[in-house]
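Work through the exercises below with the sequence and the 3D view open. Try each task before reading its solution.

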Amino acid sequence: HFMQKLANSYDAALRYAWEKQEMSMTVHEVVLDAMIQKVGLFYVYYDYENDELCIDSQDPKSFFIAPGYSDPWKAPFCGIKERKPLSMIRKMFPEVEEILPDGEDLETFLQRGMKYGTATDTELDNYFVTLYIVWMRDEDTEREIEEEFEITTDTGEKATEKKKRKEKAYPNGKFVYFTKDTYLGTIASEFNHGKSPWVPYYNYKKPHDFLGTSEIDHIKGLIREYNLQFQKVLGFLRKYSDKNFTFDTNQLM
């Protein structure tokens, strides 16, 4: 019983997080995605700006994974492709000077009186661009760090010595952001676990395949047969039920 108080604290924290993140609705959305679209996705991350854990549902149609891999935590890269307003892109990457919305060329965009760098957020809310966010492992990129050490010389005096060493630039992976024709930036992953933030949930797991099996896959054969039989019944009723009869009205006189 000596761990009961600690267990109660963890239980209270979990209950608070569940309510704070509205997990009842999030789980419901992910389960529906799994039942309809073969797989559901949780997006788990930490919001450093608000200092809180966040768990959102991710549209499976926007997700992609490295070929040959079925587990996002083992894949060398995975990510999402979504349409986002230009105002959001400028907020995320204010150093980027120019971005063209989807389906526009620079001349047409300027003719509209629009300039990405000076337009208001309200104006940019009406223009969208396809944003790619890719999480990937990077075991090769290194950065050089210079460190200072205090040493004692042969004469007994204190001195400072500088040494350089190399370490991995992205030990926990990195997020690469780009559009169809514009590189936006690379941000080091802050997740110490070194894995992607997407967690799949399956209606029915299909071994060795990222996509699982939806409820539709199980019943679509029965539904197809039902629809064919129903069409035959309706076709028969149209042809042979409630027929029109004609007769000579002069016979009544």
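The exercises that follow concern a predicted model.

**Exercise 1. The nonpolar core**

Find how many residues the largest nonpolar core has, and which have the most contacts inside it.

Solution. 
- Step 1: The core has 29 residues.
- Step 2: Those with the most contacts inside it are F63, I99, L184 and W198.
- Step 3: At least two core residues come from each of β1 (39-47), β3 (63-65), β4 (77-85), α3 (86-92), β5 (128-136), β8 (174-178) and β10 (198-202).
- Step 4: The largest share, 4 residues, is supplied by β5.

**Exercise 2. The largest pocket**

Describe the space in the largest pocket and the residues that line it.

Solution. 
- Step 1: The space in this pocket is about 870 Å³.
- Step 2: The lining has 24 residues, and Y43, Y45, Y46, M92 and Y177 are the closest to the pocket centre.
- Step 3: Two or more lining residues come from each of β1, β2 (52-58), β4, α3, β8 and β9 (183-188).
- Step 4: β1 gives the most, with 4 residues.
- Step 5: Sorted by kind, the lining has 15 nonpolar, 2 polar and 7 charged residues.

**Exercise 3. A strand pair**

State whether β6 and β7 run parallel or antiparallel, and how many bridges join them.

Solution. 
- Step 1: Strand β6 covers residues 142-152 and strand β7 covers residues 158-168.
- Step 2: The two strands run antiparallel and are joined by 11 bridges.
- Step 3: The strands form a hairpin with 5 residues between them, and G156 in the turn has a positive phi of about 90°.

**Exercise 4. Q58**

Decide whether Q58 is buried or exposed, and find which side chain its own side chain contacts.

Solution. 
- Step 1: Q58 lies in strand β2.
- Step 2: Q58 counts as buried because its relative accessibility is 7%, and the cut-off for buried is under 20%.
- Step 3: The side chain of Q58 makes a polar contact of 2.8 Å with the side chain of E82.

Methods: Residues are numbered from 1 along each chain as its sequence is written. This is a predicted model: local features need pLDDT of at least 70, side-chain atom pairs count only at pLDDT 80 or more; totals for chains, interfaces and linings use all residues. Side-chain values use heavy atoms; hydrogens and water are left out. A nonpolar core is a set of buried Ala, Val, Leu, Ile, Met, Phe, Trp, Tyr and Cys residues joined through side-chain atoms within 4.5 Å. Buried means under 20% relative accessible area, exposed over 50%, partly exposed in between (1.4 Å probe, protein chains only). On a 1 Å grid over the protein atoms alone, a cavity is a set of points where a 1.4 Å probe fits but cannot get out, and a pocket is an open set with protein on both sides within 12 Å along at least five of seven lines; lining residues have an atom within 4 Å of a point. Grid points are joined across faces, edges and corners, and a volume is the space filled by probe spheres set on the points. Ala, Val, Leu, Ile, Met, Phe, Trp, Tyr, Cys and Pro count as nonpolar, Asp, Glu, Lys and Arg as charged, and the others, Gly among them, as polar. Two strands pair if DSSP finds at least two bridges between them. A polar contact is a pair of N or O atoms within 3.5 Å; within protein, one must be able to donate a hydrogen and the other to accept it, and residues adjacent in sequence count only if both atoms are side-chain atoms.
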